[in-house]
Each structure stands twice: as structure tokens, then as C-alpha cells.
Amino acid sequence: MKKIILLLGTCTGPLILSAQQSLPANPFTDSTRFIELREVHLQAKAGSSQQRLVNFYRGNASFTLEDIMARLPEISFQRRGPYGMEPSIRGYTGGQINVLIDGMRIYGACTDKMDPPTIYIEPLNLDHVQVQTGQNGFLHGSSIGGSILLKMAEPKHDEEGNLHASVNSGYSSASRGWYESARLHYGTGRWSFLANGTYRKNQDYRAGGGETIPFSAMEKVNYGFSAKYRLNENLSVKADFLGDDGWNIGYPALPMDVGYAAARIGSLSIQSEKPKQGWTNWNAKLYANRVQHYMDDTHRPDVPMHMDMPGLSKTYGAFAEGMRQTGQRHSLRLRADLSSTFLTASMTMYPPNEVPMYMLTWPDHRKMQSGLGAAWTFDADSNWRFQANARVDYMTHRLTSTDGKEEVAVLGYDTDGRNDLLGNLSLSANRKLFTRSAVFMNIAYAERVPTGSELYGFYLFNAQDGYDYIGKADLLRESAIQAETGMKGQIGNVQKGRVSYQLTGFISYLDNYITGIVEPDLSAMTIGANGVKSYQNLPWALQAGGEASLNGELHKQWQAAATLRYTYARDDQGAPLPFIPPFKSMVSLRYQPGRFSAQAEWEAASRQERYAIRAGEDETPGFMLLHLRCGYSFPVSTSRIGLQAGVENVFDTFYHEHLDWGNIPRQGRNVYMQLNLSF
Amino acid sequence: MKLFSKLYLPIILSAAFLLNACTKEENQTIDPTAQLVKLTEGYATGAATKVLVFTETSVINTGYTRFYLQLKDSASGADVTQAQVMLMPMMDMGTMKHSAPVENPASEKATDGLFQAASVFIMSSMGGSWTMTFTLKRPESGKQGSLTIPVTVTEPAKATMKSFTAADNGQKYFVALIEPSQPKIGINDFEIGVYRKATMMSFPADSTLNFTIEPEMPTMGHGSPNNVNPTHARLGHFKGKVNFTMTGFWRVHLDALHGTAVADTTQYFDIEF
């Protein structure tokens with residue numbers, strides 16, 4: 001079992017402290033890993049019990065969430081453009097994983113996966129990230145690959161009625177990009193409010209060696225409001241709204257860009273404020289969100305035929321979760337949730353002198369889900385801890401329009417929809433070893449339903465392999481039998497410096513692995529496409545790998561973090577699975593004598609020779625990168641001014657990662673500067 | 001869904017039945033020609049019958065055209081529901097005349113007060129002038145007479161009438177597109193009427209050919225999956241399924257064979273919606 005919590009913030013001192021104190025006590029604390037991404041002045045807290053691992057991948061505050069998450073060993077990204085990268089956990093992606101924002105399900109409205117929910121969270125409105133793998137991966141929703149839980153920042157009650165504000169402004173040279181953000185917090189004993197906004201505008205960026213990558217610009221604004229009211233000492237209600245608007249976002253690896261994309265995410269919640277007897281840390285939420293997405297090809301040269309591709313996703317849902325300690329040895333955590341999602345997307349092409357060609361690329365359909373997850377922990381004695389997790393989900397899919405049904409009928413499938421009952425189960429054992437180390441082992445069975453695209457996708461063009469993909473409404477559920485084992489602990493002591501380590505090995509046997517298989521008899525819809533693939537179940541596939549991390553204080557003023565990961569994956573024929581990252585390592589060293597800090601990051605990936613030819617992949621060369629960062633922060637009366645600057649990709653290396661579509665080179669040398677003012 | 005069908009379906013059905021019972025009187029007054037266009041009317045002299053001629057559209061195109069005849073006794077004005085009706089289309093090109101394929105009413109009894117027939121106009125009125133002769137025989141009186149009307153046949157933007165000379169037997173065939181008349185995204189009925197030119201005056205329905213169809217979007221160069229080749233149903237009508245994955249301009253290619261002998265592979269119907 002492994003869970004990572006990543007904290008970051010650009011807020012003021014008092015806010016940070018309160019944020020840390022209110023971090024939810026975690027039912028899986030035995031192996032919870034915190035990755036600290038906070039500002040300089042928090043390093044004094046590095047020895048606290050909640051921060052057994054301290055990570056220094058605190059970059060430039062103009063980092064997107066993607067930049068930060070990419071520094072976790074479990075996470076890699078499928079990149080179709082510099083923005084809107086799709087997260088993957090140990091090579092699992094898309095419908096194999098859950099990405100939840102404050103526990104809410106949000107589905108992208110783009111058939112080409114340009115809008116994973118991670119784009120709606122800016123570092124400014126993020127409280128922490130948890131990556132749940134292995135046995136815990138399915139607690140928030142049946143999944144075989146795990147869950148990424150993004151927790152939004154929330155307002156804190158403040159008896160003194162202080163007002164806090166911070167503004168940030170930054171510039172990045174490689175994309176000639178500006179980053180502006182502001183955050184305002186006000187709290188009283190009963191009411192508290194938080195507002196934040198971020199604006200980003202990047203030009204086409206410069207790759208290593210000097211080439212400018214066309215169609216890589218973007219512009220977006222993200223804004224959030226949150227209000228909380230304390231009913232009594234233990235109970236508060238909260239309303240949140242998050243909006244995100246993007247314009248002319250380039251995807252150089254795809255044939256189209258985004259003209260406009262908008263997300264509106266709202267929720268009402270009630271939550272317990274303090275751990276107490278009985279049910280603790282419980283909260284319940286009602287939510288709704290709507291994502292609109294309009295692809296655009298009007299800026300592209302040589303478009304054979306102009307087309308519009310709008311998409312819409314609407315979700316509403318509710319959940320309740322809580323934890324209960326029963327006696328000294330047992331604890332139970334429960335989560336019950338339900339949600340309903342409507343998806344539709346269409347394409348209209350405009351041939352000259354002919355009527356427009358219109359079709360549904362996602363036939364209108366609704367997915368309804370209800371589930372119950374439970375985690376039971378038993379401390380047998382001072383050495384052994386056992387845990388059992390289970391989750392049941394009932395899901396229905398229904399085509400909701402005649403047009404949609406007619407289309408699915410063309411492919412020869414039943415149009416009555418489908419019902420799935422899913423079960424997930426895991427068992428784990430944790431044995432204490434020496435004083436501050438433990439070994440752990442867990443096994444799990446997990447399954448997932450196919451995604452909307454996998455069931456009903458209608459000639460969705462995949463730019464990576466050049467095929468049109470069609471869904472298969474009667475796909476079998478993908479399932480996995482998984483085992484994970486490892487060791488973790490701490491070395492050293494507080495006086496001399498303490499280093500946390502974790503070693504993990506994992507293996508998964510996937511049954512009915514879902515992938516695209518060529519349909520030689522079907523003709524491709526997209527002009528220039530190689531053919532048609534339909535989603536089908538492979539008999540089996542195998543995924544295995546390991547991660548190692550080392551993280552902590554080497555000596556006073558010197559801190560280090562190092563991660564290493566590798567994943568191996570094959571299908572039943574022995575062919576490598578697509579989008580599997582190669583060996584990758586990141587090593588960082590930070591020197592922080594006082595107000596000044598300096599940091600060096602070394603990032604290296606090996607050549608990926610195991611690539612999936614049928615998915616359009618090729619061999620990816622290895623690379624090594626060096627990033628240098630420094631910061632200086634000082635108080636001016638009641639304010640604090642922070643200055644940060646750095647050089648990323650110092651040697652201007654020309655490279656791309658294996659999961660990058662179209663081998664589009666990544667950003668070259670980038671000099672950035674950032675000014676932060678807070679009071 | 002199951003619960004729905006178990007609980008609600010009977011309720012809906014019974015509600016529908018009740019509603020139906022209440023509106024039964026109104027149903028009887030529905031005019032069977034309400035959706036049709038009256039082309040003309042006239043008297044079939046000799047049969048003592050007034051003939052009202054209806055079609056589905058006001059414009060008659062080359063291809064398969066349905067005619068609906070309402071007959072009234074010219075003396076009493078009463079509806080005539082029993083008659084033998086025969087159609088004879090004739091094209092006068094000045095130097096020559098020819099007829100066209102027809103489908104006479106299947107029964108001597110009117111359906112909903114109408115006698116349904118069809119003719120396949122194999123060319124437009126550009127090459128001459130079409131007439132249509134309706135010959136009636138009323139069984140109760142034995143009286144027989146006919147009405148001849150002029151018909152203006154236009155060439156539609158997308159042809160629904162094709163002809164070819166079979167490569168294997170040298171016979172000339174006419175193929176009229178009947179369905180889809182209202183094309184849509186999804187699975188569409190595909191129906192053609194096939195006729196052989198026996199003489200200038202005789203165009204019998206043909207059931208000897210086999211057809212394969214292949215839809216294509218010429219602008220895009222793609223087709224669609226799971227089409228069903230038309231097979232002979234009756235009276236030269238071949239029925240199959242054609243699938244359209246999107247709106248726009250489609251071309252349905254049609255290959256005709258006699259067994260394994262290729263009769264023709266050059267025909268197609270263009271369908272735009």
C-alpha cells in the first residue's frame with residue numbers, strides 16, 4: 001500500500017500552519033507518504049510526524065499541477081501538448097484510474113482527452129494531492145490503476161478576523177509566458193472566505209536547440225470562490241465554486257486545437273471540523289459540474305476540410321465519507337457515493353458545395369454509478385497491522401437519444417445500455433521491522449467498467465497511431481489481480497538529519513485488457529487515417545515494476561530527494577503495452593541557509609526500447625536534464641516578499657518523453673522569474 | 001428498464017387503449033388522402049366513375065412514383081371500393097413511343113378508400129411527353145373505361161432511376177430507388193425496384209439478379225459498416241439495409257450479378273441529407 005500526499009502552497013505563513021494542522025488524519029497513516037512542496041519558511045516543520053518524507057520538488061510557483069505531479073515516482077503523463085496532459089499511474093491511464101477533485105467525479109468533454117480534470121486545479125487552489133495505488137486504489141471508485149485525489153484549498157476560521165492576500169507574477173522565457181495569480185482569504189470565528197484567480201498566457205514554446213513548436217500556445221483563466229460557515233465547534237458547511245476558461249490552447253501532437261473550453265464546478269458540503277469520538281473526519285457533499293469543449297482547426301494550415309467538434313459533459317452526484325475508531329485496535333473508514341454523468345460530442349464537417357456532414361462522436365449517453373467503499377484496519381499487536389478494503393459499485397450506461405441509438409445500431413450493438421456490478425477487494429499485512437521500518441505486502445482484486453469512448457466512441461481519430469476508434473458496447477470489464485510489496489522507514493535521527501525511504505515492487509495480472517484492435521473490413525472516416533480500430537478485450541496483460549524513493553534532511557541546511565521508477569508491461573502475445581514509462585530517476589539537492597535557498601534537480605530517463613508498435617509508438621531515446629532554482633524571501637513590515645528565479649533544462653537538451661504523443665520535443669532551456677507578495 | 005417495462009408498460013398501454021377508445025369517432029373522420037397531393041381528377045368514360053388521382057409529392061420525378069386513386073360513382077357520388085385498376089404509362093417521343101414499368105393495385109378492393117399503384121418513369125419529360133392511362137373495370141356492373149392524364153416528369157438533383165445493359169445477357173434493366181425516402185443517421189431500409197425491358201411496351205419485374213451495395217462518402221472516401229445487401233422480396237422489389245454514419249453526401253454503389261456472372265458494376269445512387 002502506498003499513498004502519497006503532496007502539499008504545496010504559496011499562501012502566507014499562518015495559513016500554511018493551519019492548513020497543516022487540519023490535514024485529515026489518515027486511516028492508512030502507517031504508510032502515508034507526504035511530499036512537501038511548501039515554501040522555504042516551512043522547512044522548520046520538516047520533522048513533524050506527518051512529514052516523514054520531505055520532498056523538495058518545489059518549483060517555480062508558475063508550475064502547473066502537471067509539472068508538480070510529474071515529479072512523483074508513480075505518475076507520468078501522456079502529453080498531446082504542453083497543457084492538458086493526461087495523468088497515468090504506473091502506466092494505467094484513462095478509465096483505468098480515478099481523478100477526483102474534492103471527491104467529485106468530473107469527466108472531460110473532449111473525445112480526444114484534451115481535458116483531464118487535473119487541468120482545473122492550479123497550485124494556488126490546491127491543498128494536497130494523494131495518489132492511491134494498489135490496495136487503496138479503488139476505495140473512491142472501482143478502478144484497477146488507482147486514484148488521484150486532488151483536495152482543493154479551503155478557507156480557515158480565524159478568531160482574529162485577519163485578512164490575508166497574496167499576489168504572484170511570473171515570466172517564463174521558453175514560452176514567453178506570463179503567469180499572474182492572486183489569492184484573498186478572510187476568516188472570522190463563524191465565517192471564512194477564500195477567493196483565488198490565476199491567469200496564464202503562453203506563446204508557442206521553444207524546444208531544446210531553438211526550434212519553435214507551432215500550436216503550443218495557450219491562454220486560460222481559473223477562478224475559485226469558497227465560503228464556509230461554522231455551525232458549531234465540530235460542524236461546518238461549505239460552498240465551493242471553481243471556474244476554468246481556456247482559449248486557443250494548442251495541441252501540437254493532434255490535428256486540432258481547443259478554441260474554447262469551459263468548466264464550472266460547484267459543490268455544497270457539510271463536514272466535521274475536529275476529530276472526535278464516534279465518526280471522525282466525516283463529510284458529505286452534493287455537487288454538480290459541467291464541462292464544455294470546442295475543438296478548433298481554423299489555425300491549422302492544410303486542413304482538408306474544416307470541422308467543428310463540440311463536446312459536453314455534465315455530472316451531478318453526492319457522497320459521504322467518514323472514519324470510525326472502534327476500540328484501540330480497529331478502525332473503519334466508509335465512503336458511499338453516487339453520481340450521474342451525461343456525455344455527448346459531435347462532429348460537423350463543411351465540404352464545399354455540399355451539405356454539412358454531421359455525426360455524434362459520443363452518442364448521447366448517461367452513466368450512473370453508485371458505490372460503497374470500506375477500509376478496515378486491525379492493529380493485531382505492536383508489530384502487525386492488517387487491513388482489508390472492499391468496494392462495490394453498480395453502474396448503468398444508457399444511450400439517451402434516438403440518434404445515438406441509431407449510430408450504435410450501425411455498429412451492430414444492442415442499444416438498450418448495460419448494467420455492471422463491480423467488486424473490488426484487497427488484503428494487506430504490515431510488519432514492523434527494527435525501530436522505524438516496516439515491510440508490507442498486499443494483494444488485491446479490482447475491476448473497472450469501460451469508458452464512454454470504449455463503449456460508444458464513434459470514429460474517434462487517434463493521432464498517435466493514426467486510426468479511427470470505434471467503441472464496442474458489449475466489452476467485458478477489465479479486471480486485475482495485483483500484488484504489491486515493499487519496505488519503508490526512516491534512517492537517522494532528528495539531530496543529525498533524518499531520511500525516509502521507501503521501496504516498492506508491484507505486479508498486476510490484467511484480465512480482459514481493453515485495447516484497440518484493427519478492424520480490416522471497416523473504412524476509416526478521417527481523411528488520411530490508417531484504418532479503423534475497435535476497442536476489444538485482450539485475454540490478458542501483465543504489468544510489473546518498482547519504485548524507490550529517498551527523501552529527507554542530510555544535514556542541517558542540506559536536504560535531498562531522490563526517486564527511481566521502472567515499469568514493465570506486456571500483452572498476451574508478449575508485445576509491450578503502450579504508454580509505459582522507461583527507467584526514470586530524479587535527484588534533487590537543496591541548500592537553505594536562511595532566507596536564501598538554492599536547489600539543483602537532476603532528471604534522467606533511460607531509452608525506452610519496449611514500445612508498442614501497434615499503438616504507433618517508436619523507440620524513445622534517453623535523456624538527462626538539469627534544473628537550477630533559487631529563491632529569496634524577506635519580510636517588509638507585515639508583508640513578505642519572495643523572489644524566485646531559475647533555469648530549467650540548463651543544457652537546452654532536445655528531448656521528449658516516451659509518453660509524449662507525436663514525439664513532439666519538450667521545452668528547451670527556460671529561464672523563469674517570479675515575484676510573490678503576501679500579507 | 002425491466003422494472004419500467006413490468007410496471008409502467010401495462011399502465012401506459014391501458015391508458016393508450018382508453019384514450020384510443022375515446023377518440024375512436026375522430027379516427028373515423030381522418031381523411032386517408034390528408035398526407036397526399038391531389039394531382040388531378042377526371043372521368044373514366046365508359047366506367048361511369050370519377051377518378052381522383054393523388055401522389056405523395058406535387059413534383060413527379062423520374063423513378064418510382066406511387067399513385068393513389070380515389071374512385072367515385074359519377075352518378076351517385078358514392079365511394080367505389082371495388083374495381084380492377086390498370087395503369088399504362090406512355091412516353092411519346094414523336095418518332096417513337098414506349099411505356100414504363102408499372103405496379104397495378106394488388107387487390108380489387110380499395111384500402112382506406114384508395115387504390116394504390118405505382119409507375120416507374122424511366123425518363124423525364126425533357127425527351128417527350130408522358131401520359132398515364134388508368135383503365136377501370138367495375139365488377140358489379142361490368143362497365144369498363146379509362147382516364148388518360150398528362151404527367152410532367154422532372155429529373156431530380158440526385159437521380160433515383162438508373163439503367164444498364166447487362167454485360168452477361170445483353171438485356172436492359174431499370175433500377176429505381178424506393179428506400180431510403182427519408183434517410184437518417186443509422187440503419188436505413190434500402191429498397192430498389194428492378195425491371196427488365198422485354199419490349200418497348202413491356203417492362204416486367206425482375207428477380208433474377210443479385211445485388212451488392214456499398215455506401216461511400218465520396219468527399220471523404222469512407223464507407224460504413226454492417227450493410228445488408230438487398231435480396232428479392234416480391235414484384236422486383238429488393239430489400240436490404242444501408243447504414244449512414246453521418247449526415248452529408250453519400251453514394252451507394254450497386255453491383256448487379258446473375259449468380260457469379262457480372263451484369264453491371266457501374267451504377268450508384270447519390271443520397272444527400
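Chain A contains 4 helices and 33 strands. The model described here is predicted. Of the 679 residues that make up chain A, 52% count as buried. Within chain A, 67% of the contacts between residues at least 6 apart in sequence join residues at least 24 apart.

Two strand pairings in chain A share strand S25. Strand S25 (residues 478–493) runs antiparallel to strand S22 (residues 437–448) of chain A, and S25(A) also pairs in the antiparallel sense with strand S26 (residues 497–518) of chain A. The bridge counts are set out below.

Turning to the interface, 21 residues of chain A are in contact with 20 residues of chain B. On the side of chain A that touches chain B, the elements giving two or more residues are strand S19 (357–379) and helix H3 (402–410) of chain A. H3(A) supplies the largest share of that side, 5 residues. By residue class, the side of chain A that touches chain B comprises 14 nonpolar, 2 polar and 5 charged residues.

How values were computed
Residues are numbered from 1 along each chain as its sequence is written. Chains are lettered from A and ligands numbered from 1 in the order in which they are written. This is a predicted model: local features need pLDDT of at least 70, side-chain atom pairs count only at pLDDT 80 or more; totals for chains, interfaces and linings use all residues. A residue is buried if 20 or more other C-beta atoms lie within 10 Å of its own, exposed if 12 or fewer, and partly exposed in between; C-beta atoms are placed from the backbone. Two residues are in contact if their C-beta atoms, placed from the backbone, lie within 7 Å. Ala, Val, Leu, Ile, Met, Phe, Trp, Tyr, Cys and Pro count as nonpolar, Asp, Glu, Lys and Arg as charged, and the others, Gly among them, as polar. Two strands pair if DSSP finds at least two bridges between them.
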